[in-house]
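Okay, hi everyone, can you all see my screen? Let me put the structure up, and then we'll walk through a few spots together.

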Amino acid sequence: MDTVVKDTLQYRIALRNCGLINPENIDDYIAVKGYEALAVTLEQYTPKKVINIVKESHLRGRGGGGFPTGIKWELTAREQSDEKYIICNADEGDPGAFMDRSILEGDPHSVIEAMIIAGYAIGASKGYVYIRAEYPLAIDRLETAIKQAKSYGFLGNNIFDSNFSFDLELKLGAGAFVCGEETALINSLQGLRGEPTKKPPFPSVSGFRQKPTNVNNVETFANIPAIILKGSDWFNAIGTDHSKGTKVFALAGKINNVGLVEVPMGTTLRDIIYEIGGGIVDDKQFKAVQTGGPSGGVITEENLDTPIDYESIRNIGSMMGSGGMIVLDEDDDMVEISKFFLDFTQDESCGKCTPCRIGTKRLYEILERLTNMEGSPEDLDLLEELAQNVKDSSLCGLGQSAPNPILSTIDRFREEYEAYAYRTKRTTYAIDDNKCIGCTKCSRVCPVDCITGEVKQVHVINEANCIACGACYNACPVDAIIKP
Amino acid sequence: MNTLNIHVNGRPMMVKKGITVLEACHQAGIKIPTLCHLNLEEYGIVNKVASCRICVVEIENRATLVPSCAEKVYEGMHIKSDSLRAINARRNNLELLLSNHPFECLTCTKNLTCELQSLAEELNIRDISFTGKKMDYPIDHSSEAIVKDPNKCVMCRRCETMCNDVQTVGVLSGLRRGFDAVVAPAFNLDMLETSCTYCGQCVAVCPTGALTERNDVPRVWKRLSNKNYHMVVQVAPAVRVALGEMFGMAPGSISTGKIVTALRRLGFDAVFDTNFGADLTIMEEARELVHRIEEGGTLPMLTSCCPAWVKFIEHQFPDMLDVPSTCKSPQTMVGAIAKTYYAEKVNLPSKQIKVVSIMPCVAKKAESARPELSKENLHHVDYTLSTREFGHMIKEAGIEFEALPDGDFDNILGESTGAAAIFGTTGGVIEAATRTAYELLTGDPLEHIDFEELRGLEGVREATVTIGDLDLKIGIAHGLGNARKLLEDIKAGKADYHAIEIMACPGGCIGGGGQPYHHGDMSIIKARQKAIYDIDKNTPRRKSHENEMVLKLYQDYLGDPYGEKAHDLLHTCYTKGERI
Amino acid sequence: MAIKSLDALKAKQKEFKDQVSLRNEGTSSSDRIEVLVGLATCGFAVGADDTFIALEKKIKEDNINAKVTPVGCIGYCHREPTVQVNIPGQPPILYGDITEDKVTLLVDVVLKEQKILEEFYLEKTFDKAVL
Amino acid sequence: MTTIDLDYSTLDQTKLDDLTAYIDSLEHPEESLIHVLHRAQKLFGYIPYNVQFFVAKTLKIGAARVNGVVSFYSFFNEQKPGKYTISVCMGTACYVRGAEKVLQKLLEKLEINKGDVTEDGLFSVKDVRCIGACGLAPVVTVGEKVYGHATEDMALDIIDKYRGDLDGN
């Protein structure tokens with residue numbers, strides 16, 4: 001136990017207080033310099049100066065888009081309007097991503113503080129946190145935090161005796177992934193169906209109640225107080241040339257240390273998976289890591305050493321997304337994985353535009369045909385052509401990125417698609433003649449008695465009866481069972 | 001700077017600031033197909049949901065394709081409308097729509113007038129690459145007026161825009177999401193169970209056969225073939241200025257005489273004019289107005305000719321049912337008189353007479369079926385056909401409409417004045433009533449018959465007409481959204497009008513839900529309106545109370561206008577409804 | 001009690017100097033032990049709330065000078081419930097898998113004997129921005 | 001008057017009063033439709049058609065608009081859920097660790113489709129988006145109770161357990 005804090009790969013900015021302070025006690029937050037960034041901002045900085053700090057920090061949207069936050073603030077700030085709004089997008093919806101929830105549950109004040117600072121910078125006096133109704137604990141803690149911030153005068157009129165006033169309200173989502181898209185989110189905030197609208201006009205010009213509106217995601221906001229206090233130079237020193245700071249990833253799937261990690265931009269996936277994540281469960285073979293959720297793609301062994309940032313991850317065929325990172329091992333079927341994501345997107349499509357409403361459905365159906373062994377080689381062409389069109393012509397980000405899981409896996413694992421298309425994929429288990437020692441263990445565990453063979457003789461699986469339960473695979477002491 | 005420099009397919013051009021890419025391409029002589037787009041800018045209605053993705057084009061430096069109908073041009077924009085990427089996307093998206101569409105073109109009401117069908121032809125679709133699940137919703141035949149087949153819906157949302165934003169009826173909304181998304185009433189109720197006014201504006205803008213008027217043509221053919229019935233037909237004022245469009249005639253062509261001849265050839269026994277009913281309506285309505293002014297009755301008085309509007313107030317403002325005039329509409333007045341006075345004249349029992357109405361309207365179908373618009377269990381009107389359905393009958397009969405000689409309406413219920421003609425346009429009913437009310441109130445002959453201040457196409461208009469020592473304050477609204485504004489003002493005590501005219505459809509009956517499709521071309525509405533005023537100008541008598549046959553009807557049969565018998569036959573009542 | 005200036009805020013910060021240094025480096029002017037329990041959704045899912053209650057009870061019963069504080073998620077989902085034990089004068093240590101039934105063991109070994117519970121010891125794999 | 005029951009006079013009056021009072025307390029009632037619906041679902045357990053109709057009436061907006069919103073968001077139930085709602089997490093982490101199989105087993109055993117309720121009204125099964133217990137993947141929840149590392153066998157045990165619970169009552 002000599003070194004408790006070792007030279008670590010992780011560096012936590014957004015998660016700096018998570019797990020270290022009591023989220024329901026504002027004093028715990030104040031103790032770690034909470035609201036100091038706000039005090040400094042209001043006492044010493046002009047709105048322009050705040051925007052400049054954020055711009056110079058080169059902080060980019062952590063919700064996945066990667067748009068420079070300072071520029072977004074500036075665009076909203078320069079609009080003339082009697083009212084403007086700050087919205088925090090806490091409608092985290094990627095299956096397999098939960099960093100925003102963790103921040104809101106562990107450090108809600110950092111988001112509130114950042115929203116007040118943003119309000120001051122762009123000239124808004126009202127903010128909303130749009131949060132998933134499925135996050136009751138986060139909602140509770142935010143509500144408590146807002147109350148406490150009000151009682152300390154951090155929300156309300158004349159904050160820190162400046163003339164600046166700001167109020168904050170929670171708005172609940174109701175289970176629609178598409179509401180992560182900012183125009184859909186704004187519609188939802190107004191009590192409407194969460195259908196996106198065409199951009200332009202951008203929310204910075206016409207957003208909530210048709211007023212200039214700035215929407216940032218939870219993790220983006222959580223970076224702001226640190227940037228204000230420590231300065232843009234400090235932030236610029238972390239990360240890569242075009243992506244500064246850190247990124248939180250939700251590490252899950254076939255990995256030993258499932259959890260949240262925050263690493264400087266530019267960390268390699270190998271470090272994340274093997275050093276922080278502790279490698280693959282049961283020491284199986286790594287196959288790919290899926291990033292960016294339903295908008296992203298897969299990254300394979302050959303790119304594990306690429307330093308990850310917004311650009312590089314796109315260059316190797318995936319997306320940063322909100323930071324879901326699902327590790328897949330040799331057992332995972334990539335066509336099934338794309339089917340899983342397409343099932344998700346076609347279900348979450350708002351139904352407004354043709355390519356997404358019908359296109360994602362047809363993409364899913366083609367994948368279903370393939371995995372049901374009812375597809376054909378022509379289906380592969382159709383799949384690629386349609387995927388490209390859905391990407392090209394959908395109205396919003398959901399549709400435009402929905403085909404990514406297909407395009408990426410078909411690029412990397414075409415042979416798996418072909419096995420389905422040419423119907424050469426085996427769906428049952430088999431026994432490797434060279435390895436079988438005739439121990440009979442497999443035939444004894446088989447629930448449908450489809451394995452036959454004499455003791456010390458090579459055993460055979462009757463494929464017609466095999467239900468692919470995998471019992472034999474687990475029972476075999478010599479690895480002689482071949483998986484489907 | 002009001003102009004911008006852009007490039008379209010490599011060619012530089014100068015265009016006006018504020019126009020869309022679609023308009024810019026159009027100016028460059030390039031046609032880009034559209035589907036969901038609908039531009040009724042002069043009514044303030046633009047459907048820019050950009051949802052069909054048929055009109056996509058490529059814009060330089062833009063990662064994805066862009067819907068040309070909703071994208072504004074900017075300085076230095078490079079538009080590529082003919083790139084393979086754009087062309088493929090359009091075809092691909094259309095194929096997707098078709099892969100979820102019933103292939104019933106041959107028997108579809110919209111056969112050859114369907115925008116989706118034309119698009120399939122235009123984009124040369126011969127095979128559809130995709131197969132899969134199709135929508136499978138029940139067809140809604142519940143109402144007397146509108147048939148809704150959700151399986152033909154392409155989610156263009158035009159109907160929703162009309163129903164919610166323009167008409168503020170709010171019956172239709174997108175329901176569910178993803179592939180299951182559909183435009184429907186709440187809880188997917190049948191139309192009959194909703195507060196639908198049957199104004200038919202959804203039908204008028206639906207690009208496919210998802211929303212159509214109920215087809216009553218077969219029933220009419222059947223009755224015509226049955227010689228036991230005496231078939232009476234009447235034609236509304238707005239039909240005669242629009243029907244010609246279905247036969248290649250210019251918008252605004254007046255085809256009254258041809259219509260009469262066509263109806264005779266189709267086998268009708270008597271061809272009457274709804275305009276006669278319009279004059280009759282004014283006789284009653286002008287007196288009701290004078291009565292309400294002189295006796296301190298409820299003011300303002302609202303006109304009641306438009307059945308969609310009547311349904312609107314019943315469901316949306318059920319506590320205000322004392323404001324509309326109790327006068328029946330012209331079509332039902334003609335029906336009531338045909339089955340009583342006329343029946344006596346031709347010595348036939350009422351039940352042997354069948355009345356068919358040719359109307360620019362979808363709601364008139366539902367109006368005819370209202371139980372209170374009947375006498376002795378016989379509906380005043382038995383069948384109502386839209387202008388479009390009538391046009392189809394003429395075509396079916398092989399009649400060369402353009403070549404028909406002019407005919408005259410049959411006597412008794414055939415004569416009409418210019419005041420009746422203008423019932424077909426917004427402002428017309430109230431102008432007609434004013435002409436008569438003026439003479440009723442002052443006893444002096446009206447010199448300036450044309451009340452220009454009541455005309456036009458603005459959504460809400462108001463005017464004050466001096467009649468003797470009374471300043472008669474008049475309000476006019478067309479489109480139910482505008483009507484709502486007026487009603488809310490009245491409710492809030494903010495409006496001090498004496499009389500208000502409301503028509504449910506934009507432009508009035510000339511823009512009715514049953515008229516030949518104008519596909520949002522405002523010049524067509526304007527031409528129809530001009531024709532209406534031309535008819536008025538060229539009619540020898542221009543005040544309803546000068547209609548000799550109407551006067552004779554009172555003398556022979558009804559007694560005093562607004563009297564007891566007139567009340568029995570020509571007035572009605574309203575029923576409170578729910579807003580669903 | 002509204003805080004109306006940067007100075008007032010800094011004065012407030014100072015009140016918690018010990019708490020911060022104890023959690024960060026394990027130094028404090030007091031000798032009171034602090035146990036942080038991760039109480040976020042992932043913790044609740046495996047009974048961290050029961051751990052929390054049991055800890056408070058056990059500490060009270062055994063009359064230990066220690067305080068239990070609920071905190072958010074530290075990110076070690078695979079070893080929830082996680083607790084961080086801050087003993088003045090020692091580096092803070094993280095323990096994983098501290099379900100209710102491990103509470104007695106934790107208190108007896110770590111809090112009382114001030115020994116390290118190897119089996120549940122979690123290596124802290126991150127550094128953080130100190131503002 | 002309609003083929004489906006929109007009569008809300010049969011509903012619990014105190015709950016309706018609560019909902020009305022909530023709506024009256026809102027600064028922007030129409031804009032807050034989603035919050036009103038959350039409240040309604042909390043009060044009634046789900047949002048049947050007549051409650052939707054009541055909300056439309058009280059907010060003075062079209063019922064179609066309300067229904068359009070309710071049917072858009074998956075959080076809102078239009079059908080009465082079972083006494084126990086078994087939720088299978090379909091976050092990616094759970095999926096790759098076999099959540100789909102667990103879900104199928106549950107549906108197969110209970111002989112229902114996703115989102116439906118068993119005939120006896122006891123169970124409904126649904127898939128939910130990531131609940132954030134990825135470390136325990138695959139995860140099944142019944143009410144507040146979380147079952148981690150779920151297997152097909154465990155799914156069957158869960159059903160038995162809750163059936164048993166009921167027998168005990």
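Let's start with a question: are A:F340 and D:Y95 buried or exposed? Both A:F340 and D:Y95 are buried. Buried here means under 20% relative accessible area, exposed means over 50%, and partly exposed is in between, with a 1.4 Å probe and protein chains only.

Before I go on, some housekeeping. This is a predicted model, so local features need pLDDT of at least 70 and side-chain atom pairs count only at pLDDT 80 or more, while totals for chains, interfaces and linings use all residues. Residues are numbered from 1 along each chain as its sequence is written, chains are lettered from A and ligands numbered from 1 in the order in which they are written, and side-chain values use heavy atoms, with hydrogens and water left out.

Searching the whole structure gives 27 aromatic pairs over all chains. Rings of Phe, Tyr and Trp (its six-membered ring) pair if their centres lie within 6.5 Å; planes under 30 degrees apart are stacked, over 60 edge-to-face, and the rest tilted. Take A:F164 and A:F166: their ring centres are 6.0 Å apart and the planes are at 25°, so this pair is stacked. A:F164 has 12% relative accessibility, so it counts as buried, and A:F166 is buried as well, at 1%.

Now back to our opening pair. The rings of A:F340 and D:Y95 have centres 4.0 Å apart and planes at 20°, so they're stacked too. A:F340 sits in helix 12 (residues 334-348) of chain A and D:Y95 in helix 5 (residues 92-96) of chain D, so the pair joins two chains. By the way, helices (H or I, at least four residues) and strands (E, at least two) are DSSP runs numbered from the N terminus.

There's also a cluster: ring pairs link A:Y29, A:Y35, A:Y152, A:F154 and A:F160.

A:R12 lies over the face of C:F126, 3.8 Å from the ring centre. Within chain A, the charged end of A:R101 is over the ring of A:Y135, 5.8 Å from its centre.

Okay, over to chain D. How do helix 2 (residues 33-44) and helix 4 (residues 63-70) of chain D pack? Their angle is about 75°, and their axes are 11 Å apart. Axes are lines fitted to C-alpha atoms, for helices over the stretch in contact, and angles run from 0 to 180 degrees between N-to-C directions. The two helices are therefore roughly perpendicular; that label covers 65 to 115 degrees, with under 35 roughly parallel, over 145 roughly antiparallel and the rest oblique.

Who touches whom? D:L33, D:I34 and D:L37 in helix 2 meet D:R65, D:V66, D:V69 and D:V70 in helix 4, where contact means heavy atoms within 4.5 Å. Helix 4 of chain D is mostly covered, with eight of its eight residues buried. Those buried residues pack against strand 9 (173-175) of chain B, together with helix 2 and helix 3 (49-59) of chain D.

Last stop: A:T428, in the loop between helix 17 (414-421) and strand 11 (430-431) of chain A. A:T428 is buried at 8% relative accessible area. Leaving out residues up to four places away in sequence, A:T428 touches A:E463, A:C466, A:I482, A:K483 and A:P484.

How values were computed
A charge sits over a ring if NZ of Lys or CZ of Arg is within 6 Å of the ring centre and within 35 degrees of the ring normal.
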